[in-house]
Amino acid sequence: MGPAPLFPLKLNRIPMNTPSSRQQRSDELLTSLVRIHSVNPMGKDYPHTEPVERKVIEHIEQLFAPHASSVTRRRLPSSPIHESLVLTLPGRADRRAALFESHMDTVPACGWQDRAFHPVVQSGELIGLGSSDDKASLAAMVLALLEIVEESISPPRTIVLVCAADEEYAQTGIREFLRTTDKQFAYGIFGEPTQLNPVPQHKGIARWDITVHGRSAHSGCPELGVNAISGMVEVIRALQRRQEKLQSRPTCSLTSATTITVTKIAGGQTRNAIPEQCAIAVDVRVSPGMDSAAERETIMDELSALPWNISHSEPQLLSPPLNTDPQSSFSRDVLSICQQTIGNHAHLQGMPYGTDAAWTAGLFPSIVLGPGDIRLAHAIDERIALTEVRQAIAIYKQIMLHPFAEYIEPNRFGSDGRT
Ligand SMILES: [Zn+2]
């Protein structure tokens with residue numbers, strides 16, 4: 001089937017949220033969001049003065065402009081080039097607020113032709129950069145909140161929707177948001193592609209560079225130098241031994257064991273000299289129940305026993321695992337809402353990758369949940385089934401309107417909001 005015509009950019013405000021109006025508006029909003037360039041420079045030079053996410057923010061603000069008296073809007077800069085948008089709809093004041101979060105930035109459009117920002121619809125799927133990661137979740141959360149506002153429903157607790165910046169690189173958006181709030185949330189729902197299966201647990205991340213320092217010499221007289229590449233071979237073997245040890249331990253039921261992966265290597269300067277330096281980038285995916293920073297320390301300690309001069313960079317990223325109890329009433333109720341909407345095949349699952357939800361670990365229970373398939377994210381021709389986006393709106397809306405009050409309020413069942 002060839003590409004269908006694009007939806008018009010104009011967003012009509014439709015007062016009644018019938019299934020067909022939800023479909024039209026959801027398709028239009030997602031199309032508009034994919035068209036907006038919000039590529040994260042991923043630590044590289046960014047030549048513009050406007051924050052990466054500004055155009056997305058303006059688009060969402062426009063949707064809520066007619067509801068300024070009920071929904072407050074706050075722009076939240078998190079770095080010179082990143083900015084989040086926080087929308088708040090007040091609910092019952094005696095209950096903790098609910099946090100919903102999706103991110104606005106995308107990875108770079110590497111290898112895409114021009115259709116990265118010119119989405120097409122084929123066989124009911126919208127193809128475009130960021131279509132599933134993460135603009136489908138973003139559109140669905142925005143529209144779920146908008147429907148509640150338009151229907152004049154008073155939510156059982158305050159709903160805070162964070163349209164977050166910079167998730168793909170340094171996660172400054174969620175971190176700045178948490179830094180500037182009292183963190184007293186009942187729970188968090190983080191929109192990322194999970195095929196609408198709730199994810200209460202995912203791995204944490206520790207990423208940094210390891211360098212072996214040697215001494216250069218003429219390669220005709222290698223005994224006069226210290227070969228940094230030979231040292232790095234031993235470092236990599238030690239990392240493999242550490243990984244084997246971690247994998248032999250019992251791990252959490254929803255994710256695989258901790259992995260340690262060397263993702264980059266550089267060493268040596270010329271073909272006829274002993275290399276005086278060799279560096280690797282290491283990416284450690286830490287299982288729920290473990291501590292990312294502590295695992296990094298352990299690895300550094302073990303490497304210090306090797307007879308080589310080794311140095312470590314500061315972490316490029318250090319984020320904790322998400323470890324919400326899958327057996328809790330909160331996890332089970334969210335699962336039940338998903339099953340009611342998409343069918344009994346919905347199930348709790350774990351993920352090997354990190355999300356912004358990690359930053360709430362230990363503060364309040366959080367679940368990652370959104371439309372789309374992570375295996376298609378960060379790839380050419382990323383796509384999303386439009387029906388899944390509409391199902392996500394229904395699921396988010398039900399969660400937003402669910403009180404969860406009988407077990408999640410800290411005053412009733414302990415102080416951390418968990419069962
Ligand atoms: Zn994402």
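Predicted model: local features only at pLDDT ≥ 70, side-chain atom pairs only at ≥ 80, totals over all residues.
A helix here is a DSSP run of H or I covering at least four residues, and helices are numbered from the N terminus.

Is Glu 295 buried or exposed? The relative accessible area of Glu 295 is 4%, and the limit for buried is under 20%, so Glu 295 counts as buried. If you want a sense of distance across the model, take Glu 295 and Pro 51. Their C-alpha atoms are separated by 35 Å, and along the chain the two residues are 244 residues apart.

The charged end of Arg 296 sits over the ring of Trp 208, with 5.1 Å to the ring centre. There is another arrangement of this kind, in which Arg 175 lies over the face of Trp 359. There the distance to the ring centre is 4.7 Å.

Now to rings with rings. Two aromatic rings pair if their centres lie within 6.5 Å. How many aromatic pairs does that rule give? The count is six. One of them is the pair of Phe 177 and Phe 185, with 5.9 Å from centre to centre and 40 degrees between the planes, which makes the pair tilted. Phe 177 has a relative accessibility of 1% and counts as buried. Phe 185 is buried too, at 4%.

A further tilted pair is formed by Tyr 187 and Phe 330, with centres 5.1 Å apart and planes at 40 degrees. Which elements does this pair link? Tyr 187 belongs to strand β7, residues 185-190, and Phe 330 to helix α7, residues 329-342. The two are 143 residues apart, so the pair joins distant parts of the chain. Both Tyr 187 and Phe 330 are buried. They also belong to a cluster linked by ring pairs, together with Phe 100 and Phe 404.

How much space lies in the largest pocket? The value is about 630 Å³. Its lining has 23 residues, and the ones closest to the pocket centre are Met 42, Val 107, Glu 168, Arg 207 and His 378. By class, the lining divides into 10 nonpolar, six polar and seven charged residues. Two domains take part: domain 1, which is 19-202 + 321-408, and domain 2, which is 204-319, each give at least three residues to this lining.

The second largest pocket holds about 330 Å³ of space. Thirteen residues line this pocket, and Arg 207, Asp 209, Thr 263, Lys 264 and Ala 281 lie nearest its centre. Arg 207 was also named for the largest pocket.

Last, some details of the backbone. Asp 133 and Asp 134 are joined by a cis peptide bond, with omega at about 20 degrees. Asp 134 lies in helix α3, residues 131-150.

Two glutamines have a positive phi. Gln 171 has phi near 55 degrees, although this residue is not glycine. Gln 171 is in the loop between β6 (159-164) and α4 (172-179), and at 5% relative accessibility Gln 171 counts as buried. For Gln 195, phi is positive as well, about 55 degrees. Gln 195 is in the loop between β7 and β8, the latter being 201-202. Is Gln 195 buried or partly exposed? Gln 195 is partly exposed, with a relative accessible area of 36%.

I end with Pro 320, found in the loop between β13 (317-319) and β14 (322-323). Pro 320 is partly exposed, at 27%. The C-alpha atoms of Pro 320 and Ala 358 are separated by 5.5 Å, while along the chain these residues are 38 residues apart.

Note on methods: Residues numbered from 1 in each chain as written. Heavy atoms only, no water. Phe/Tyr/Trp six-rings, centres within 6.5 Å; stacked < 30°, edge-to-face > 60°. Buried < 20%, exposed > 50% of the residue type's maximum accessible area, 1.4 Å probe, protein only. Lys NZ or Arg CZ within 6 Å of the ring centre and 35° of its normal. 1 Å grid on protein atoms, 1.4 Å probe; cavity = no way out; pocket = protein on both sides within 12 Å on 5 of 7 lines; lining within 4 Å. Points joined across faces, edges and corners; volume = space filled by probe spheres on them. Nonpolar A, V, L, I, M, F, W, Y, C, P; charged D, E, K, R; others polar. Domains from an automatic or database assignment.
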